[in-house]
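Please read them alongside the structure.

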Amino acid sequence: MGIDPILLRTSGLQTGYHSGGKRIVVSGELPGLELQPGRLVCLLGPNGSGKSTLLRTLAGLQPALNGTIDVPGIEAHKPSELARKISLVLTDRIRGNNLTVQSLIELGRYPYTGWLGVLDETDKAVVEWAIGATGIGALRDRKAHTLSDGESQKMMLARALAQDTPILMLDEPTAHLDLPSRIKLMRLLHRLAGQTRKAILLSTHELDLALQVADTVWLLEAGGRLHQGAPEDLVLNGVFEAAFAEEDIVFDKEAGVFVIHAAPGKPVLLTGGGITFFWTQRALRRADFTVVTTPSPDVLYHIRITDHPTRTSWLLEGEGVNREYHSIAELLQAMR
Amino acid sequence: MTESPIQKIRLAGLLLLLLLVFLLDLSMGTVKIPVSEIVKVFFSPRTANPTWHFIIAKIRLPKACAAVLAGCGLSVGGLQMQTLFRNPLADPAILGITSGAGLGVAAVMLTGGSMATLFAIKELGVSGSWLIITAACLSAGAVMLLVLALSRQLKDNVLMLIIGIMIGSITLALTSVWQYFSDPEQVKEYLLWTFGSLGGVTGVQLSILSGVVAAGLIVAFLSSKMLDALLLGEHYARSMGLTTRRARVIIICSTSLLAGSITAFCGPIGFVGIAVPHIARTIFNTASHRILIPACCLIGTILLLMCDIVAQLPGSQSVLPINIITSLVGSPVVIILLLRRKNLNSW
């Protein structure tokens, strides 16, 4: 098996912009970054760490302060050349201007059409494929500005797919979406990377989703430093935790999520198992208790979970209480 | 974006309507000429009534042609500006080129050029004076060069919009300074010019205007693909391969040629540029400039010819200035259209 070709490579890249003659540096000199076919890269980082700036710089929308971005196959970074290599889904709102979903997606064929923008059979076939891949066939005659956020994001993805480029970059595609839509979109992108062999780069705040779908994570710290690697490596070597380090927020390596309320509370002994144990533990943590699983003299309460197929109960003992409850809400109420 | 059969039928229908309105415009006026006689003037001039032949050939046909040119040019200019600035209120005057033309006219009329202009005005009508046209062309051209020079510097179309408005404001202020220090007589002359007139463009002037407007329209049509890309905003346009600065220069060039020349020859004609693109979008229900540009030409022309017919005040000897009629008749039309459309927030 040969080595995958590299679709985009940076060296010594530094992002930022010029404003009124001043250089405003957003990131320090970044390590060499690479995009490869079929790989999904998630660009993570706290707000203000420069994710969008890096994405726009890589996409050629703004010049780099220093360093080079090499896209094999093109020499000068002319917009017309880049347009056949990199397609974008941005956070810019699409304003209503009478465009239908179909014609908006057809605009993706812009780099390939003649001076009047007339589509030929190939163009039409690619547009149809993009509409099918994103599953928005039913929306094609709607006006673009009447779509919901989730539909709109799929439409913009279809437009980028219609542009038929080896690299696809998305700036916070899951913002404004509800949880099922976020998961569906991430799953779709993951599948597209595999099927189309596109290199997909997306910036996101969805740490847990990114951890599940990303082949590589680029993690930008607030100071503009960038760590890269497989998501699991970044979790294990603590980089993840360090990048998002805040008071009261802790990265739970076992669950792969950030948890709040890290301050130790009153200890509670919880016995039982299964899914009920997991959710009871979460509820107790939220209520500022520390859950222990081995008996010790200083525990405040002992909670026994009894899982029946029909009915689950929690037996609460301690502090002068000895009673059975049938919902977590009742249990927490009694412990307050 | 592809044309649907319905859109082709609508274009054809508008073309037919245009022919009707054009003939009606030729027939209406202080002397009423039956349509059958107009046809005769065109196809067998020898058998036609010589007086009517003269009226049509020398007065009404040039005026109708000027209406066609102004209708096409201003509407397409407005469409380009609305797309470039992604602003439904933009019109060709937004770049300050129209007020630039006004400044030139004011300069000639108000700074002691009175003798020359008065003579010229009496001979040819207010807008028919070569002196005035030359002055208007020169100053519109100067403003256009300034706007173009600035547009090459800027990153952002929104900045361009603000700068255009500022330039317009400066030229208007300069014109006002001139007005302030001028005799009431001269100010009145200038005021007459601002009412606009389609009637004064004849002969060589008409050929020159046709040439410039045709050039502007061709550039506009060639830029229709760029305009389509700009519908998604500058970032997306660039990501699809559009060199945004170059596109901006080309589009501004086209609008400047259209608005500058029409204002110089016919005086300022408001309203058409802002309203017609909206009517075109409503009728054709599309955003594709390949359809909207021809549609704007047709609708703009029909609208301006209709306004010209109304301006004749059928059954009366007097003629109202075209600039008044366009706003008076056109604005209610647009309000009705937009209310029927119900999606006012579609921008």
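Does B:R248 count as buried or exposed, and at what relative accessibility?

1. This is a predicted model, and the points below should be read as such. B:R248 has a relative accessibility of 1%. Because the cut-off for buried is under 20%, B:R248 counts as buried.

2. B:R248 is part of helix α12 of chain B. Setting aside neighbours within four places in sequence, its contacts are B:L84, B:S151, B:L154, B:K155, B:D156, B:N157, B:M160 and B:E234.

3. Helix α12 (residues 244-266) of chain B packs with helix α6 (residues 130-153) of chain B: their axes come within 9 Å and cross at roughly 165°. That angle makes α6(B) roughly antiparallel to α12(B), since the cut-off for this class is over 145 degrees. The crossing of α6(B) past α12(B) is right-handed.

4. On the α6(B) side, the residues that meet α12(B) are B:I133, B:A136, B:C137, B:A140, B:M144, B:V147, B:L148, B:S151, B:R152 and B:Q153. On the α12(B) side they are B:R245, B:R248, B:V249, B:I252, B:C253, B:S256, B:L257, B:G260, B:A264 and B:F265. By class, this contact of α6(B) with α12(B) has 13 nonpolar, four polar and three charged residues.

5. Turning to chain A, the domain assignment gives domain 1 (8-246) and domain 2 (266-335). The centres of domain 1 of chain A and domain 2 of chain A, taken over C-alpha atoms, are 45 Å apart.

How values were computed: Residues are numbered from 1 along each chain as its sequence is written. Chains are lettered from A and ligands numbered from 1 in the order in which they are written. This is a predicted model: local features need pLDDT of at least 70, side-chain atom pairs count only at pLDDT 80 or more; totals for chains, interfaces and linings use all residues. Side-chain values use heavy atoms; hydrogens and water are left out. Axes are lines fitted to C-alpha atoms, for helices over the stretch in contact, and angles run from 0 to 180 degrees between N-to-C directions. Helices (H or I, at least four residues) and strands (E, at least two) are DSSP runs, numbered from the N terminus. Angles under 35 degrees count as roughly parallel, over 145 as roughly antiparallel, 65 to 115 as roughly perpendicular and the rest as oblique. A crossing is left-handed if the near helix is turned anticlockwise from the far one by less than a right angle, and right-handed if clockwise. Contact means heavy atoms within 4.5 Å. Ala, Val, Leu, Ile, Met, Phe, Trp, Tyr, Cys and Pro count as nonpolar, Asp, Glu, Lys and Arg as charged, and the others, Gly among them, as polar. Buried means under 20% relative accessible area, exposed over 50%, partly exposed in between (1.4 Å probe, protein chains only). Domain bounds come from an automatic or database domain assignment.
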